[in-house]
Protein chains: 2
Amino acid sequence: MAPAYKLTYFDGRGLAETSRFLMKYGGIDFEDCRIKREEWPQWKPKFPFGQVPVLEHKGKVVGQSIAIARYLAKQVKLVGNDDWENLEIDAIVDTINDLRMKHAAWFYEPDEAKKKVIIENIKKDTLPYYLPRLEEIVKKNKGFLAVGRLTWADFYWATVSQVFDVVNGIDTLANYPELKAARERVNSLPAIKKWIEVRPKTDF
Amino acid sequence: MAPAYKLTYFDGRGLAETSRFLMKYGGIDFEDCRIKREEWPQWKPKFPFGQVPVLEHKGKVVGQSIAIARYLAKQVKLVGNDDWENLEIDAIVDTINDLRMKHAAWFYEPDEAKKKVIIENIKKDTLPYYLPRLEEIVKKNKGFLAVGRLTWADFYWATVSQVFDVVNGIDTLANYPELKAARERVNSLPAIKKWIEVRPKTDF
C-alpha cells in the first residue's frame, strides 16, 4: 500500500527536515519525494505559490514548512498539553525562524561580496543577540526549547540550527552547551539516529 | 478587576491588530498597552528578544504576533474543526505573512531611493504573483481565506492587507473583488466595526 503521506521538497534537508524527523520519530510512513534542481522550473507551477515543501495526504496538498511541521507534531504527540503551552511552543519556533531567516538572506544573495557581509553581520550581531537568550530559555526549560519537555520545538531547533553551522562555517553553538545538548538529544533519539545514518547526504 | 489579558505593542495597528480584532470579536476584555516610540529604548530590553507584540496572561509573557493570534483564535473559536483544517489555516496565514514580509522590507529600509525600488518591485512582481492566487483560493473557499468559513485566517488577512494599501499608496485589491470582500466581511462584523470606530487613529 502506498504511504498515507507524501512530502515533496528539493534533494536537501532545508525546510523539509523538521517534518521528516517528526514522521521518522512517530513511525509515520511517507514518500520522501526529492525534486532535482534542474527539474524545478517545470515543477514549480504545480505547487501552491510555487513553493516547497508540500505535504500531500488523502488527495489534498498543502504548503508552508512550519505549518506542516506543527500538523505532524500533533500526529506524533509532540505538542503542548493545553493552548498556552502550544503558544509557548509556537512562539519559540517563530523566534528560531526569525534567526533562520537571517541565514536565508545569505542563501538567496547571489553576490559573493554581499554574502560575506551578511555572514559577518550574523557573527557580529545576530548570533550574539539570539544565542545567549535562547541558551537561557533552554536552561529554564530543563534542557528543552519549551514547556520543560520534548516537543516539536526541539525538533525544529535540531534541524534548523545545523544550517547555521553550514552557513557560518563554524561550530555556531560552541559556547552554548544547553543549546548544543538540546540538538544532540533529538539527534540521539533511536529513530532519528537511524534516519541520520541512512538519509541522502546533501550540503544543506 | 483587571483584565485577564494585556497586549503590549507600539501605538499602531501593525502586528498587534489581528489579536486586538480577535479579542474584540470574542468579547475578551484586555488591556491595550501602547508604547510610545520615544520610550521604546527603555522598554525593549524588558521583552522576550526585545520584540513586541507580547501577550501577558496569569503572570506569563509571550511574544510572536502570529503565535499569539493563533492562541487567541482558539479562545474565541475561530479555528479549524480538525488538525488538517488547522494546517490549511496555518498555511494560508504563513503565505499572507510571506507577502507581508515583502512590505516590511520597505518599512525597515531607511534610504528613500531604495524604498522606492522596493515599492516598484512589489507592484511589478510581488502583488501580481500573490494576489491572483489568493483570489482563486478565496473563490474556492466560498469567500473565505480557508476551510470555507470564517476563521482567524480572515482576521489575519483583514488586518494585514490594509497595510499593503498604506505602503503601496494604492487600492491594492481594486481588481480582486473576492479578497476585498473577505476583508470587508471581517471589518463589518458588529464588534469589529465598533472597534474600528473607537480605536486610536494611527498611520500603520
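A word on conventions. Residues are numbered from 1 along each chain as its sequence is written, and chains are lettered from A and ligands numbered from 1 in the order in which they are written. Because the model is predicted, local features need pLDDT of at least 70 and side-chain atom pairs count only at pLDDT 80 or more, while totals for chains, interfaces and linings use all residues; side-chain values use heavy atoms, with hydrogens and water left out.

I begin with the interface. Chain B brings 33 residues to the contact and chain A brings 33 residues, where contact means heavy atoms within 4.5 Å. The area buried between the two chains is about 2,900 Å²; buried area is the accessible area (1.4 Å probe) that two parts lose on being put together, summed over both. Carbon and sulfur atoms give 66% of that area. Phe49(B), Gln64(B) and Trp84(B) supply 28% of what chain B buries against chain A, more than any other three residues.

Asp90(B) and Arg70(A) meet through their side chains in a salt bridge, at 2.8 Å from N to O.

On the side of chain B that touches chain A, β3 (54-57), β4 (60-63), α3, α4 (83-108) and α5 (112-140) each supply at least two residues. Helices (H or I, at least four residues) and strands (E, at least two) are DSSP runs, numbered from the N terminus. The largest share, 11 residues, comes from α4(B).

I turn now to helix α1. In chain B, 7 of the 10 residues of α1 (residues 17-26) are buried, so this helix is largely enclosed by the rest of the structure. Buried means under 20% relative accessible area, exposed over 50%, and partly exposed in between (1.4 Å probe, protein chains only). Among the buried residues of α1(B) are Arg20(B), Phe21(B) and Leu22(B). After α1(B) comes Gly27(B), with a positive phi near 70°. In chain A, helix α1 likewise has 7 of its 10 residues buried, and Gly27(A) follows with a positive phi near 65°.

Next, the strands of chain A. β1 (residues 5-10) and β3 (residues 54-57) pair in the antiparallel sense over 4 bridges; strands pair if DSSP finds at least two bridges between them. Thr8(A) has Val54(A) as its bridge partner in β3(A). β3(A) is also joined by 4 bridges to the antiparallel strand β4 (residues 60-63), where Val62(A) stands opposite Leu55(A). The hairpin of β3(A) and β4(A) has 2 residues between the strands, and Lys58(A) takes a positive phi near 50° there.

Finally, is Ser161(A) buried or exposed? Ser161(A), in helix α6 (residues 152-168) of chain A, counts as buried because its relative accessibility is 1%. Its side chain makes a polar contact of 3.1 Å with that of Arg183(A).

Conventions
Salt bridge = Lys/Arg side-chain N within 4 Å of Asp/Glu carboxyl O. Polar contact = N/O pair within 3.5 Å; in protein donor to acceptor, adjacent residues only side chain to side chain.
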